[in-house]
Amino acid sequence: MSVVNQPQRSGERAPDDSGRATAEFEPRITAFVCNWCTYTGADLAGTSRLHMASNVRIIRLPCTGRIDHVFIVKAFERGADGVIVSGCHPADCHYTAGNYHARRRFGVFRELLSFLGVDPERLTFSWVSASEGGKWADVVNETIERVRRMGPFDSYHGLAGAATPADDPFARFEMPAGATGGTAAAPADGHDAASQAPSGTGDAS
Amino acid sequence: MSERALLLTHDGLATLVEELAAAGTPAVAPAWAGDAGRAAGASAAARETEYRTVSGAAELAFGERLPRLSLKQFFLPPTEVLFSWRRVGGGVELIPPPTDFAAQVVLGARPCDAAALPIVDKVMNWDYADELWNARRAATTVFSLACGVEDDSCFCSAVFLEPAAARGSDGRLTPVDGGYLVETFSDKGEAFVAAHRESFTDLPAGAGGEVLAVQAESFRATARERVAGNLAVDHGRLRDWLDHHFDDPFWAGLGPRCNGCGVCASVCPTCHCFDIVDEPESVGRGVRRRNWDTCQTCVFTLHASGHNPRQDQNARFRQRVEHKFLVYPLKFGDVLCTGCGRCSRACPTGQDLAEILADIDARAAIDAGAGAVGDEGAADEAAS
Amino acid sequence: MSATPTAQGGAQALPRTGTIYQPDLVVVEAIVDETPDTRTYRLRFTDEAKAASFAFRAGQFGEYSVFGAGESTFCIASPPTRTGYLECTVKAAGKVTGSLRQVDVGDVLGFRGPYGNVFPLEEWEGRNLLFIAGGIGLAPVRCVIWNVLDLRDRYGEVTIVYGARSVADLVYKRELEDWAARADVRLIVTVDPGGETPDWSGEVGYVTPVVEKAAPSPDNAVAVLCGPPIVVKLTLPVLERLGFADDAIFTTLENRMKCGVGKCGRCNIGSVYVCKDGPVFTAAQIKALPQEF
Amino acid sequence: MSELQDTARRLLDEGLVQVVIGWEEGPRGARPVFVTSAADCERLIFDARCVHNLATFLNPRRSQITALGKAAVVVKGCDAKAVAGLLREAQLERAGIVLIGVRCGGVAGEPATLAPPALSAETVSARCWGCDVREPESVDMLVGEAQPEPPVTADLDERVAALDALSPAERFAFWTKELSRCTQCYACRQACPLCCCERCIVEKTEPQWIETSPHPRGNFAWHLTRAQHLAGRCVGCGECERACPVGIPLGLINRKLQQVVYELYGYTVSEDPAVPAPIGAYATDDTQDFIE
């Protein structure tokens with residue numbers, strides 16, 4: 001995998017996302033793209049100096065057929081607010097049928113994610129060919145705007161526990177509310193906290 | 001410990017639970033797992049209970065089905081942080097987890113779950129003291145609820161316990177008319193009662209109190225008698241048999257049915273094996289956790305080279321039985337089992353530990369040239 | 001119930017050194033490429049007081065951390081006679097050992113230990129010593145060998161039989177040369193058939209038959225054997241045929257471990273825990289165990 | 001019953017198989033049994049408590065079972081679909097097994113009862129909802145009386161639809177709560193006849209895609225992956241949910257994906273191994289409404 005288009009953010013991102021206010025929220029987007037079409041298309045968008053927001057980290061893979069659903073899960077785990085998966089148009093796959101296989105898998109996975117409550121609006125699937133720099137710019141800009149409106153995906157990022165106070169922002173000790181039985185460490189019983197959502201999950205869309 | 005037993009009326013219990021909730025002291029108790037269980041005429045499957053922190057008496061499921069998971073999760077959580085780390089400059093900084101746990105109380109623990117705590121204490125303090133386990137133990141006061149025996153899979157009396165065993169409990173509640181007779185067995189239990197004295201009432205003086213005491217003893221005696229019929233084994237010869245029959249074809253008869261899922265270990269109050277994993281949280285920082293693990297999975301003993309000392313489920317199932325009834329006894333004295341029967345009830349394929357123990361005991365008896373102990377009928381029935 | 005009654009909760013907060021599962025920090029001082037997939041790491045405690053107080057004995061092991069990848073169990077491969085550092089020799093095979101390949105001199109790792117029992121080196125004084133090792137199994141044996149050679153006059157004859165799959169797979173090549181050059185050490189190095197190079201001057205054959213051919217005398221002798229489980233299993237009967245008593249044969253076992261301190265329940269062989277009752281066992285002890293290692 | 005026992009006895013007597021995998025009466029109800037001698041065939045039973053999917057025991061990685069020799073396995077309709085799944089994926093050779101089909105009119109939700117319950121909407125397993133196989137067709141022999149349709153139980157589709165009707169945030173809250181109980185014991189995987197990988201992805205460490213720690217983040221990754229890997233493969237036998245020691249409603253997820261592969265690709269679980277599974281196949285005109 002290689003990374004291009006390192007975005008220039010205004011200011012260093014704080015290690016703790018919890019302070020991200022929606023007003024100044026810059027979504028973090030991870031894009032998994034195929035090497036042959038979309039990556040080249042993204043490159044074209046860059047060299048054509050098309051206007052594009054800089055929130056996207058591109059991860060290049062040989063083919064959309066190589067893009068496993070766990071990549072998307074990992075992106076959300078590690079702080080992505082949205083994910084783009086993009087590759088060659090149907091019939092254009094460098095490996096003949098990788099994108100067809102991917103289309104089926106993501107058709108299912110998108111529904112699965114949605115059923116488990118991950119709003120599919122956080123995901124963009126697109127076909128962007130090597131010559132479609134403009135389309136790539138549109139895909140990126142539209143995704144960013146959509147995800148910006150949805151707000152940070154803190155409900156997923158926080159699944160493994162709330163960050164401890166600001167003086168120790170990296171340490172995560174507590175089981176989150178609603179975890180199995182709760183640990184004795186939990187300061188208060190949070191058993192039913194999850195059921196008090198939806199408003200509490202921060203994923204209102 | 002206590003000079004005189006007290007009474008905890010149903011109202012007193014409700015007050016106590018609310019008081020603890022108001023004070024922010026977690027009160028862990030068997031509670032309905034879902035709303036469905038509480039409903040009149042709920043199906044057996046819906047009447048699931050679990051230990052959890054409760055805030056009101058309506059949640060309590062005292063004297064109902066055995067909670068799905070044992071009490072161990074409150075002392076050895078399914079996952080917990082051992083430390084967190086981050087890169088600082090060229091070095092690494094480690095941050096230990098907090099161990100100053102707030103006081104909590106368990107109300108209505110099954111005696112078989114409470115008894116597991118001192119059993120696992122021995123492992124957790126074998127030359128090296130496990131601070132996290134010990135700190136949670138120190139912070140927790142355990143009141144058990146004398147058990148009326150769940151069903152035929154219970155066999156606490158076959159593993160040195162009984163349905164009202166005091167082991168591992170700081171105090172005990174026994175059901176009587178109007179509430180529970182309360183006894184305390186430790187300073188911690190005593191201190192808890194003293195701190196919440198207004199929720200407890202004195203036993204009526206004279207005959208009224210004696211009636212309740214007799215009721216409590218009768219409750220315990222009935223349960224004792226009932227569970228004693230489920231299983232009886234001679235642990236000495238059982239251990240000898242295990243020690244000398246590592247390669248016995250007996251094990252190949254047990255492995256095929258086993259799914260290798262380790263549900264038995266998840267639900268077991270004494271299974272304490274764990275995995276240690278690193279989880280990156282971001283670039284340059286992460287946590288090390290320990291997670292429940294089980295000897296029933298193929299990767300448990302798998303070497304990085306690909307060599308696996310326990311190649312199949314026959315070997316892995318044997319390990320579970322041997323750990324409980326041979327390895328632990330040789331190291332620490334008693335057995336790594338409290339007879340709660342959860343493994344048998346939870347097993348998706350019907351593997352039954354009481355049956356297996358009866359079977360081994362019968363074989364051991366033949367080896368030893370003696371008859372089976374206790375109720376032969378029960379052992380034979382279970383072994384059939 | 002040993003716990004003290006408390007109304008306000010449990011134990012005190014931990015000191016910065018943390019729980020028994022929290023390692024001490026060590027810095028990588030040197031890395032030696034032993035084979036294409038095996039490296040030796042020389043480590044020093046970052047805490048001076050810890051470095052000064054750290055002591056161990058031959059045979060013990062440690063839990064080594066690569067932060068972010070996890071922890072893995074290796075013997076301490078350097079001898080206790082050389083203080084101020086400790087060494088481990090690691091073959092890249094899994095997640096942690098693979099991550100160690102990415103480590104550079106100056107990087108910080110974690111170490112917990114020493115754990116486990118020891119070779120009874122004091123009891124061996126005055127006796128002849130036979131060391132047999134296969135592959136990376138030379139690491140724990142190397143610790144004993146240097147310990148003995150550093151106290152050379154306390155021991156009798158020293159014979160070392162070492163085998164690896166191929167010449168490229170031999171570890172500690174410089175030290176093998178040192179030992180070969182010493183008059184007070186008899187060194188036999190062998191590689192598996194097909195693993196020799198054109199200029200290979202050592203033996204060709206598996207360790208087990210080479211030991212049998214070398215026929216070391218069992219008189220007043222102790223054998224130390226370490227290698228993959230298969231080498232241990234095959235060589236034990238050979239030593240027996242050569243006349244070594246079961247309690248004069250020592251080996252170390254390395255089962256999969258996580259905690260190293262007898263808690264995680266992973267390393268037992270029958271009723272012994274390799275981490276607490278081992279890793280050093282005599283052949284007599286091993287014979288009494290189920291052959292589940 | 002005797003027909004089943006006689007069939008098993010004949011297979012063993014004639015040396016056609018070395019083990020018959022069926023059900024027996026255990027101490028807590030029906031349970032799987034591995035009969036290796038003709039004399040033991042009298043242990044075999046089949047009734048409404050025989051809920052276990054015995055295809056699970058045909059996983060070629062279960063060396064303690066393959067060591068017993070060639071197997072005959074007693075299969076209900078749902079079991080036969082799982083066997084077809086294994087055949088479809090070349091985990092088994094058809095000639096390497098003997099399938100004894102049993103006519104099935106539905107099974108109970110719970111095998112651990114001392115007598116077979118009368119099947120009713122309350123006692124019948126959720127898995128039997130919509131089951132259309134009274135007699136499996138892909139078997140070598142068929143035993144038992146003709147069976148009626150199972151009682152109509154709670155409609156799984158209605159429960160799925162109820163969740164679908166919620167907002168994503170509400171569904172997320174629902175699943176966060178449910179999955180927070182998961183201890184990642186993988187009983188769901190072990191009970192699944194189609195979860196037969198040599199090494200499960202969750203046990204692969206280089207890289208460690210799925211966090212094995214049972215916090216909700218690790219649990220989401222695990223359950224998303226388990227479900228995705230079973231999409232178009234799950235036969236709906238419900239063994240995962242039954243095996244779960246903490247009662248996570250995995251059947252809802254599995255059913256949802258059955259709906260999805262039907263709606264998107266017209267696929268329903270087939271007892272015919274020659275019918276390709278939807279994931280791993282494709283059509284050039286597959287729907288791509290979701291792709292920009």
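Helices (H or I, at least four residues) and strands (E, at least two) are DSSP runs, numbered from the N terminus. With that in hand, let's start with chain A of this predicted model. Its secondary structure comes to 5 helices and 5 strands. Reading from the N terminus, the order of elements is β-β-α-β-α-β-α-β-α-α.

A few ground rules first. Residues are numbered from 1 along each chain as its sequence is written, while chains are lettered from A and ligands numbered from 1 in the order in which they are written. Since the model is predicted, local features need pLDDT of at least 70 and side-chain atom pairs count only at pLDDT 80 or more, though totals for chains, interfaces and linings use all residues.

**Chain A, inside and out**

Of the 205 residues in chain A, 54% are buried (20 or more other C-beta atoms lie within 10 Å of the residue's own; exposed is 12 or fewer, partly exposed is in between, and C-beta atoms are placed from the backbone). Now for contacts, meaning pairs of residues whose C-beta atoms, placed from the backbone, lie within 7 Å. Take the contacts in chain A between residues at least 6 apart in sequence: 74% of them join residues at least 24 apart.

**Where chain B meets chain C**

Here 59 residues of chain B are in contact with 49 residues of chain C. On chain B, the elements that each supply at least two residues to this side include β4 (79-88), α3 (111-124) and α9 (313-332). Which element gives the largest share? That's α4(B), with 8 residues. By class, this side of chain B has 35 nonpolar, 12 polar and 12 charged residues. (Ala, Val, Leu, Ile, Met, Phe, Trp, Tyr, Cys and Pro count as nonpolar, Asp, Glu, Lys and Arg as charged, and the others, Gly among them, as polar.)

**The largest nonpolar core**

A nonpolar core is a set of buried Ala, Val, Leu, Ile, Met, Phe, Trp, Tyr and Cys residues joined through C-beta atoms within 7 Å. The largest one has 354 residues, and C:A223, C:V224, D:V73 and D:V75 touch the most other members. Its largest share, 9 residues, comes from α3(B). Leaving aside neighbours within four places in sequence, C:A223 is in contact with residues including C:L130, C:L239 and C:F250.

**Domains in chains C and D**

The contact takes 15 residues from domain 1 and 15 residues from domain 2.

**A closer look at β5(C)**

Why is β5(C) largely enclosed by the rest of the structure? Because 6 of its 6 residues are buried. One side holds C:L86, C:C88 and C:V90, the other C:E87, C:T89 and C:K91, and all are buried. Strand β2 (residues 38-45) of chain C pairs with β5(C) in the antiparallel sense over 6 bridges (strands pair if DSSP finds at least two bridges between them). In β5(C), C:E87 is the bridge partner of C:R42.

Note on methods. Contact = placed C-beta atoms within 7 Å.
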